[in-house]
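Reader: I am new to reading protein models. Please take a close look at one part, the salt bridges, and walk me through them.

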Amino acid sequence: MKPALKAHLLTLVSAVAVSQIITAGLFYFAGEEYLNRKIATGIEIGVFAKERAEKQAWVEAQFARFGRAADQVPNDARVYGDLKARFTLAEFSDLECPFCKRLHPNLKEIVDKSNGAVNWQWRHMPLGFHNPAATDEAIATECYAEQKGNRGFWVILDQIFEESAGNGAGVKDLPGLVSRLGGDMKAFNECIGSGKVKDRIAEHVRMGEKIGATGTPATVVIDNLTGEKEFVSGAQPISAFVTIMKRMMAAEQAAAKAEADKAQGKHQDQGDEVSRKILGFGSKADQAQ
């Protein structure tokens, strides 16, 4: 073989070898890059799935805390507790009111421990000096409840009290809270934009004004059996509400006993016996004996 041809062939073989090495290298690096992307994507998907599962678990935990709230209530009333309870605590409240925030867990505890004897009904009464935050939050609760029902209403109510700075400062990211609670943001924003829940809030305010509520919280204790009502102003302790309900029960039982005694021609004790049994004390005349 001629030296020139031999040299040419060696150059050609070398070029092919180099080309194959380069190609192999490119395939290696491209494959490594592809593999890295797949790993990164897998990690991202895994992290996202974990975060989504944790978020869902948190939302479910909030709803579980308000398990005594029916999903749907007649006339879209906001009621926590047995709908057929003997007593109703009808609270007029403002989500920016610090005293309302203080009362909030007390009323929940009363319902939770009442064995179905007490329910709690919320009525919006955002005060002017807490606006626009108080009204914005009231609207948000109703728009969220449109998606998540009566129980969802109580869930977001509780979270707003938890996250609001209070006294009109509001929640830092109210839409963000709705999103964290699993709300459909498109539907939520449409509800906010429509203004359709404002009438409900305005009606609640008128009801509060009608009963003489000039501040919040203002609660009406209602005996659904007898129709008796008693107005309670401020963030009173649990014992104050329990005492009122016991007194209503005592009065009702005393009246029933007096009616029975009257029908049988017996002496009427004016409720002393019932008062001792239920409240632990009788009338002043009884105590003097």
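Author: Here is a tour of some salt bridges, pair by pair. This is a predicted model, where local features need pLDDT of at least 70, side-chain atom pairs count only at pLDDT 80 or more, and totals for chains, interfaces and linings use all residues. Residues are numbered from 1 along each chain as its sequence is written, and side-chain values use heavy atoms, with hydrogens and water left out.

A salt bridge means a side-chain nitrogen of Lys or Arg within 4 Å of a carboxyl oxygen of Asp or Glu. The whole structure holds 13 of them.

Start with Asp-112 and Lys-108. Their closest N and O atoms are 2.8 Å apart. Both residues sit in helix 2 (residues 98-112), 4 residues apart, about one turn of the helix. Helices here are DSSP runs of H or I with at least four residues, numbered from the N terminus. Lys-108 is buried, at 12% relative accessibility. Asp-112 is partly exposed, at 22%. Buried means under 20% relative accessible area, exposed means over 50%, and partly exposed lies in between (1.4 Å probe, protein chains only).

Next comes Glu-109. Its partner is Lys-113, with the closest N and O atoms 2.8 Å apart. Glu-109 is partly exposed at 32%. Lys-113 is exposed at 61%.

Now take Glu-142, which pairs with Arg-200 at 3.3 Å between the closest N and O atoms. Glu-142 belongs to helix 3 (residues 133-163) and Arg-200 to helix 6 (residues 198-210), so this pair ties together parts 58 residues apart in sequence. Glu-142 is buried, at 1% relative accessibility. Through shared partners, salt bridges join Asp-76, Arg-78, Glu-142 and Arg-200 into one network.

Notes. Helices (H or I, at least four residues) and strands (E, at least two) are DSSP runs, numbered from the N terminus.
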